[in-house]
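Subject: Structure for your review

Dear colleague,

Please find below the structure that I am handing over to you. My notes on it follow.

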Amino acid sequence: PVHVKLPSVETETMKTDQGGKEDGSTAKMDATKLDLSPFDKCSTYQSTLKDESTFTTKPLWLPMYPSTIPEHVHKSLINPLTKTKAGGKSFYASMRGKLRHCIGQTQSVTCSNSHPTVEMNEGMPSSKSPNYSSKYIMAVRNPMTIIPSSANSKSIKYHGAVGQDTEDQWRSMRDTWFEKALNDWKNTIVTWKKTEYELGMYLVYEDLMDVEKGPETMKKLRTLLSAEGFNVAEEEDVACIWYNAIGKESLERHHKLHYDYEDYIPGYTTAQKEAMLKELSDMMKEYENDDALVDVLAMYKSDVEKNMRIDEVTAKEVNQS
C-alpha cells in the first residue's frame, strides 16, 4: 500500500492576471495554490486487477445526466477500487453489435447510464431488478456547468470536435435547448427516486474534484461497495486510486477555473439564471426530507447565485452578426 497524507490547500496567493476578455468570459482564477505533492508517490501505485469467473454480487446502477462522470474516469475509479478489470461498465456498451446492459461473463460493479435523458427500453430499469442490486448511486453535477460540458462532450463524440465548442456554438445550444436540458437534469434525479431501487449514495462531481473531499468520497463509495459484497482495495490505497483516476491536470484546472475548458466560461442570460435558481429552490422544497440532496442543491444554488457569468448575447444576435 502507498500511504498518502492528504494535503491542505495552501493560502499562498497566485498571480491572477489572465489577459482576459472585457466581457468577463474568462474565469477568475482561484487565488490559492493547490499542493498536490503528497500524491507524487501515487505514480508507483499499481492495483492487481482480475476477472472473477464466479461471483454472487450484483451491479449497482449509476445513473447521471450525460457525461457527469466521464466514462474513462468512472472505470478508473471503480476498477482498482474493486480490483476488477471491467467492474465499471456502461449500459450502452455493446459486444459483437449486441447491447450487454452491463451483464456478462465478467463481474460488474457499477452500470453507468443516462436514463431517462437517454431512455432505456420499455420496462427498464425495473425489469432488470433481478439482475441488479437493490441500491443505486446517483452521480450529480451542478447544472450550471454540466449542461455546457455535456453538450461539449457530445460535439467531440459525435461531430469530431476538438477541445471546447466556440462560444457562438454554446450560445446557440443554450438558447435552443436550455429548458429541455434543465428539465432533463432534474428528471434524472426525480425519475430514479420513483423507482423501486434504494439510493445508496450521491456521487457528487464537485466533491470528486476536490483534493480533500475526493478521497473521503471514495472511502464512502468503498464502504458501500464492500457492504454489497465486492472485494475492495485497502483503505490506505483509496487516495492514490482517486488521484490517478482524476489526474493532476484535471485537478489543477478545476481548482483554478472550476470548469473543464480554459477558452471561456459558458454564460447564461439573466432569465436563464433565474429559471435555474427557481428549479433548484423548488427541488429543495420538494425533497426537503432528503438531507443529502438538499445539501447538494444548496451548494449548487449558492454557486449559481455568486458565480454564474451573465451573457445576454443571444444566438439570434450571433447569427445576425
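Does S67 count as buried, exposed or partly exposed? The model is a predicted one, and in it S67 counts as partly exposed because its relative accessibility is 28%, which falls between the 20% and 50% limits. S67 sits in the loop between β3 (60-63) and α1 (71-82). Although S67 is not a glycine, its phi is positive, at about 70 degrees.

H258 also has a positive phi without being a glycine, here about 60 degrees. H258 belongs to the loop between α7 (248-257) and α8. With a relative accessibility of 43%, H258 is likewise counted as partly exposed.

As for the overall make-up, the protein contains 10 helices and 9 strands. Of its 321 residues, 48% are buried. When contacts between residues at least 6 apart in sequence are considered, 76% of them join residues at least 24 apart.

Two of the helices deserve a description. The axes of α3 (residues 167-193) and α8 (residues 270-286) come within 11 Å of each other and cross at roughly 10 degrees. The two helices are therefore roughly parallel, since angles under 35 degrees are classed in that way. On the α3 side, the contact is made by R174, D175, F178, L182, W185, K186 and I189. On the α8 side, the residues are Q272, A275, M276, E279, L280, M283 and E286. By type, the residues of this contact comprise 8 nonpolar, 1 polar and 5 charged.

Among the strands, β8 (residues 135-140) is mostly covered, with 5 of its 6 residues buried. Strand β8 runs parallel to β9 (residues 198-204), and 6 bridges join the two. One of the residues involved is M138, whose bridge partner in β9 is Y202.

The loop between β6 (98-99) and β7 (110-113) holds S108. S108 counts as buried because its relative accessibility is 4%. A polar atom of the S108 side chain lies 2.5 Å from the backbone oxygen of C102. Leaving aside residues up to four places away in sequence, S108 touches K58, P59, G87, K89, C102 and F230.

Finally, I would draw your attention to the cis peptide bonds. One joins H115 and P116, with omega at about 10 degrees. Another runs from M124 to P125, with omega near 10 degrees. P116 lies in the loop between β7 and β8, and P125 is found in the loop between β7 and β8 as well.

With kind regards

Conventions
Residues are numbered from 1 along each chain as its sequence is written. This is a predicted model: local features need pLDDT of at least 70, side-chain atom pairs count only at pLDDT 80 or more; totals for chains, interfaces and linings use all residues. Side-chain values use heavy atoms; hydrogens and water are left out. Axes are lines fitted to C-alpha atoms, for helices over the stretch in contact, and angles run from 0 to 180 degrees between N-to-C directions. Helices (H or I, at least four residues) and strands (E, at least two) are DSSP runs, numbered from the N terminus. Angles under 35 degrees count as roughly parallel, over 145 as roughly antiparallel, 65 to 115 as roughly perpendicular and the rest as oblique. Contact means heavy atoms within 4.5 Å. Ala, Val, Leu, Ile, Met, Phe, Trp, Tyr, Cys and Pro count as nonpolar, Asp, Glu, Lys and Arg as charged, and the others, Gly among them, as polar. Buried means under 20% relative accessible area, exposed over 50%, partly exposed in between (1.4 Å probe, protein chains only). Two strands pair if DSSP finds at least two bridges between them. A polar contact is a pair of N or O atoms within 3.5 Å; within protein, one must be able to donate a hydrogen and the other to accept it, and residues adjacent in sequence count only if both atoms are side-chain atoms.
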